[in-house]
Amino acid sequence: MPVAEFHRVPAEDAGSLADELGEVFREAFAEPPYEYGDEHVRLFKDRFAVQHRRAGASLVIARAQDGRMAGFSFGLTMPPGAPWWTDLTTEVESGVTDEPPGRTFVLIELLVRAEWRRAGVASALHDLVLADRPEQRATLTVQPAAAPAQQAYASWGWRKVAQKRNPLPGSPVFDVLIKDLHA
């Protein structure tokens, strides 16, 4: 089923989509290597309830012709004092972790339901959420075992700069990627 439309969702309307976003999150992350369950969906929704109100927050959704959400991309400007660069398990180049206000956009989620994968939806969501960003660069984390995501990000110009472990107990190691936004 083709995607009918892409929408930038205003911050004041984003919260009303939390349940629908949670279902896309549940479906996308139910499969390996993630195998996330209800607790992860709850944590996503709790984080989103706060994050969508932060400075520089941006939500782009894709809807199919039948109205179902096919996928979404979401991120925000890294807030001052964010713990993003803590829990690194590898050394990084000098200056990478410097975070003056407004330097970095964090791409928190880029998810597409299975039936819309390999149809350009992820690429469009990626490009739309990063379009016209005022930040110098963007960053994200991705599991090393998530081969399709790793390949997509590499093809879109992202580069690995480090690895980190999220602070949640039992959390896997993630690759930290960066993309220059105004190169």
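Hi everyone, let's start with R118, which counts as exposed at 81% relative accessibility. By exposed I mean over 50% relative accessible area, while buried means under 20% and partly exposed is in between, with a 1.4 Å probe and protein chains only. R118 sits in the loop between β4 and α4. Those names come from DSSP runs, numbered from the N terminus: helices are H or I with at least four residues, and strands are E with at least two.

A quick word on the model itself. This is a predicted model, where local features need pLDDT of at least 70 and side-chain atom pairs count only at pLDDT 80 or more, while totals for chains, interfaces and linings use all residues. Residues are numbered from 1 along each chain as its sequence is written, and side-chain values use heavy atoms, with hydrogens and water left out.

Back to R118. What is its phi? It is positive, about 65 degrees, although R118 is not a glycine. Most residues other than glycine have a negative phi, and most peptide bonds are trans. D132 also has a positive phi, near 60 degrees, and is not a glycine. You will find D132 in the loop between α4 and β5, and at 78% relative accessibility it counts as exposed. As for peptide bonds, a cis one joins P32 and P33, with omega about 5 degrees. P33 belongs to the loop between α2 and α3.

That brings us to helix α3, residues 38-51. Which residues of α3 are buried? They are V41, F44, F48 and Q51. Looking down the axis of α3, these buried residues fall within an arc of 95 degrees, so they line one face of the helix. The arc is taken from the directions from the helix axis to the C-beta atoms. Here is the general idea behind that: an α-helix has 3.6 residues a turn, so residues three or four places apart point the same way.

What does that face pack against? The buried residues of α3 pack against α1 (11-14), α2 (18-29), β2 (58-64), β3 (69-77) and β4 (104-112). For contacts like these, we ask for heavy atoms within 4.5 Å.

Now for the aromatic rings. Rings of Phe, Tyr and Trp (its six-membered ring) pair if their centres lie within 6.5 Å; planes under 30 degrees apart count as stacked, over 60 as edge-to-face, and the rest as tilted. The structure holds 11 aromatic pairs. One of them is F25 with F44, a stacked pair at 4.7 Å centre to centre and 10 degrees between the planes. Since F25 lies in helix α2 and F44 in helix α3, the pair ties together parts that are 19 residues apart in sequence. F25 is buried, with a relative accessible area of 2%, and F44 is buried too, at 3%.

F48 and F74 make an edge-to-face pair, 4.9 Å centre to centre with 65 degrees between the planes. This pair links distant parts of the chain, with F48 in helix α3 and F74 in strand β3, 26 residues apart. F48 is buried at a relative accessible area of 1%, and F74 is buried at 1%. One aromatic cluster takes in F25, F29, Y34, Y36, F44, F48, F72 and F74.

On to the cores. A nonpolar core is a set of buried Ala, Val, Leu, Ile, Met, Phe, Trp, Tyr and Cys residues joined through side-chain atoms within 4.5 Å. The largest one has 44 residues, and L21, L59, F72, Y153 and W158 touch the most other members. Helix α2 gives the most to this core, with six residues. There is also a second, separate core of nine residues, which includes W85, V96, V161 and A162.

Leaving out residues up to four places away in sequence, Y153 touches L107, L110, L140, V142, W158 and L177. With the same rule, the partners of A138 include T104, L130, W158 and L177. A138 is in strand β5 and counts as buried, at 0% relative accessibility.
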